[in-house]
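Hello,

Here is the structure I promised to pass on.

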Amino acid sequence: MIDLERSTAARRIRLALGLILALLCLALAGFALRGFF
Amino acid sequence: MPAAALIVIYLALVLTPLALAWVQGLAPRTPWDELASGLGLLALAMILVEFVQLGRFRAVTSRVGSDVVMRTHQLLARAALIFALAHPFFYVSPLAPAPEWDTTRRMAVEYSWPAIWPGILAWLGLGAVVAMALARDVAGYRYEIWRFLHGLGAVLVAGAGVLHALRAGRYSADPTLGWVWVAGLVLALAALAQICLVAPLLRARRRWRVVSVTPAALKTWRLRLRPEGGHRLSYRAGQFAWLNIGHAPFSLNENPFSIASAPSEGPELEFIIKELGDFTDHIGQIAPGTRAYVEGPHGHLTVEGHADAPGIALIAGGVGIAPLLGILRELAATNDPRPTLLIYGNREESQIVCADELQSLARDHGTEILHVLSEPPEGWQGPRGLIDADVLRRHVAEAGRRDWLFVLCGPPPMLRMLEAALIETGVPAHRILSEQFVYD
């Protein structure tokens with residue numbers, strides 16, 4: 001679990017961007033593979 | 001949680017074209033073709049949203065800070081570049097005119113020159129814009145030229161990208177998605193126009209004059225501005241503003257500087273500016289009376305909203321003292337009863353900014369001031385070297401100041417080290433304020 005109380009600002013930016021990119025990639029994969037659903 | 005709300009808004013904006021393509025109900029092609037189209041849709045949406053991630057829109061920056069907005073602008077532009085670069089290479093269907101019976105263009109990828117050339121232009125342009133931004137520090141472009149080329153390149157990429165989507169896109173041929181692209185482009189250009197046209201028009205009526213330029217330390221100047229007419233800048237101690245000195249209000253010759261004055265001291269503004277090898281080398285030659293324009297305030301490096309902190313520790317490296325001096329001056333001017341500590345690192349003694357005033361603050365306001373010098377003169381009694389974990393341990397942990405508010409300003413490597421060391425010492429992250437504009 002991520003302890004935001006003990007997290008630097010730079011690390012929190014990386015976490016937020018990681019979350020955004022993971023969700024974008026998930027949406028992209030869903031779009032590309034929707035023919036199989 | 002405002003930052004989380006911004007993430008949700010960002011995702012909603014960039015995923016809208018993909019969602020609209022999905023709900024069109026067109027029969028999917030091969031996964032590779034769909035991936036290629038999806039990459040293009042995402043990349044273009046991300047490029048358009050980049051225009052509002054510029055650190056100048058207070059609705060966004062007041063929630064997470066200009067530095068965080070600019071950093072996400074940089075990093076998400078790189079992600080958009082990767083998506084855009086990959087976009088054309090995943091198509092596996094033949095590059096051929098679609099047969100007449102294939103009304104949904106399922107069997108072929110549009111390849112006509114009018115549809116392709118804007119895509120090639122946007123593809124190459126985006127690579128050039130991001131590469132130029134990455135190389136900015138090493139290439140040493142003049143800042144205002146870089147800003148102009150970056151903005152022009154971004155407009156070209158966005159315009160060509162939307163044209164390419166409208167002419168070549170299987171999904172963007174749908175009128176709804178087509179209008180979404182047009183609206184997105186209009187909003188992106190409006191965001192840029194706000195910065196380049198509307199904001200300069202507004203500030204053209206709010207003129208300032210240089211009152212004085214005096215030495216503050218070795219190669220560091222104290223620049224004071226006075227408003228012409230009855231206006232004044234409403235700011236909080238520790239914020240920064242974009243300064244345009246001696247140029248027309250629409251000039252790109254403006255740079256961000258921390259405000260070193262205190263709002264309670266009156267309408268005049270003071271900036272501490274160090275010679276950094278660019279136009280700042282000529283700061284000392286600016287004549288009193290020179291016209292100036294101020295755009296701001298920006299930034300979240302302020303102690304307001306932290307009234308529950310029992311004390312305030314300010315940690316500065318070099319010219320990073322500027323916003324912290326503003327905070328110290330404001331605390332003294334408003335007779336804030338909380339104890340204050342300033343840890344101030346420099347290479348040599350002659351670089352200490354406003355040394356006399358700092359002594360006065362120590363005497364009159366009770367601020368504890370600790371100068372740390374990496375190249376101290378003979379007989380120096382204070383700490384030597386850099387502000388490091390050891391200095392923090394002695395003056396924070398062992399002094400029982402873990403619950404204080406810590407405000408940091410200085411070179412990015414120093415800030416990263418200090419943030420990590422303070423957290424290691426047991427200071428909660430929400431008690432650490434810092435702003436850094438370069439993270440690489």
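A word on terms before we start: helices (H or I, at least four residues) and strands (E, at least two) are DSSP runs, numbered from the N terminus. Please keep in mind that this is a predicted model, in which local features need pLDDT of at least 70 and side-chain atom pairs count only at pLDDT 80 or more, while totals for chains, interfaces and linings use all residues. Residues are numbered from 1 along each chain as its sequence is written, and chains are lettered from A and ligands numbered from 1 in the order in which they are written.

Let me begin with chain B as a whole. Chain B has 440 residues, of which 40% are buried (20 or more other C-beta atoms within 10 Å of the residue's own; exposed is 12 or fewer, partly exposed is in between, and C-beta atoms are placed from the backbone). There are 12 helices and 11 strands in chain B. Along the principal axes, its C-alpha atoms fill a box of roughly 90 × 50 × 40 Å. The chain is divided into domain 1 (2-203), domain 2 (208-298) and domain 3 (312-434), with bounds that come from an automatic or database domain assignment. The centres of domain 1 and domain 3 of chain B, taken over C-alpha atoms, are separated by 43 Å.

Now to where the chains meet. The contact (C-beta atoms, placed from the backbone, within 7 Å) takes 22 residues from chain A and 27 residues from chain B. On the chain B side, two or more residues each come from helix H1 (2-22), helix H2 (31-50), helix H4 (66-86) and helix H12 (412-425). H1(B) has the largest share of that side, seven residues. By class, the chain B side has 20 nonpolar, three polar and four charged residues. Here Ala, Val, Leu, Ile, Met, Phe, Trp, Tyr, Cys and Pro count as nonpolar, Asp, Glu, Lys and Arg as charged, and the others, Gly among them, as polar.

H2(B) also packs against another helix. Its axis and that of helix H7 (residues 143-168) of chain B come within 10 Å and cross at roughly 145°; axes are lines fitted to C-alpha atoms, for helices over the stretch in contact, and angles run from 0 to 180 degrees between N-to-C directions. In this pair, Leu44(B), Ile47(B) and Leu48(B) of H2(B) meet Val157(B), Ala158(B), Gly161(B), Val162(B) and Ala165(B) of H7(B). Seven of the contact's residues are nonpolar, one is polar and none is charged.

Which residues have the most contacts inside the largest nonpolar core? They are Phe271(B), Ile272(B), Leu314(B), Leu324(B), Phe406(B) and Val407(B), in a core of 64 residues. A nonpolar core, by the way, is a set of buried Ala, Val, Leu, Ile, Met, Phe, Trp, Tyr and Cys residues joined through C-beta atoms within 7 Å. Helix H9 (residues 321-333) of chain B gives the most to this core, with seven residues. Domain 2 and domain 3 of chain B both give residues to the core, so it lies between them. Apart from it lies another core, of 49 residues, among them Tyr10(B), Leu48(B), Val60(B) and Trp123(B).

Ile327(B) lies in helix H9 of chain B and is buried, with 27 other C-beta atoms within 10 Å.

Finally, some backbone details. Most residues other than glycine have a negative phi, and most peptide bonds are trans. The peptide bond from Gly296(B) to Pro297(B) is cis, with omega near 0°, and Pro297(B) is found in strand S6 (residues 291-298) of chain B. Lys219(B), not a glycine, has a positive phi of about 55°; this residue is partly exposed, with 17 other C-beta atoms within 10 Å. Cys354(B) has a positive phi of about 50° and is buried, with 21 other C-beta atoms within 10 Å.

Notes: Contact = placed C-beta atoms within 7 Å.
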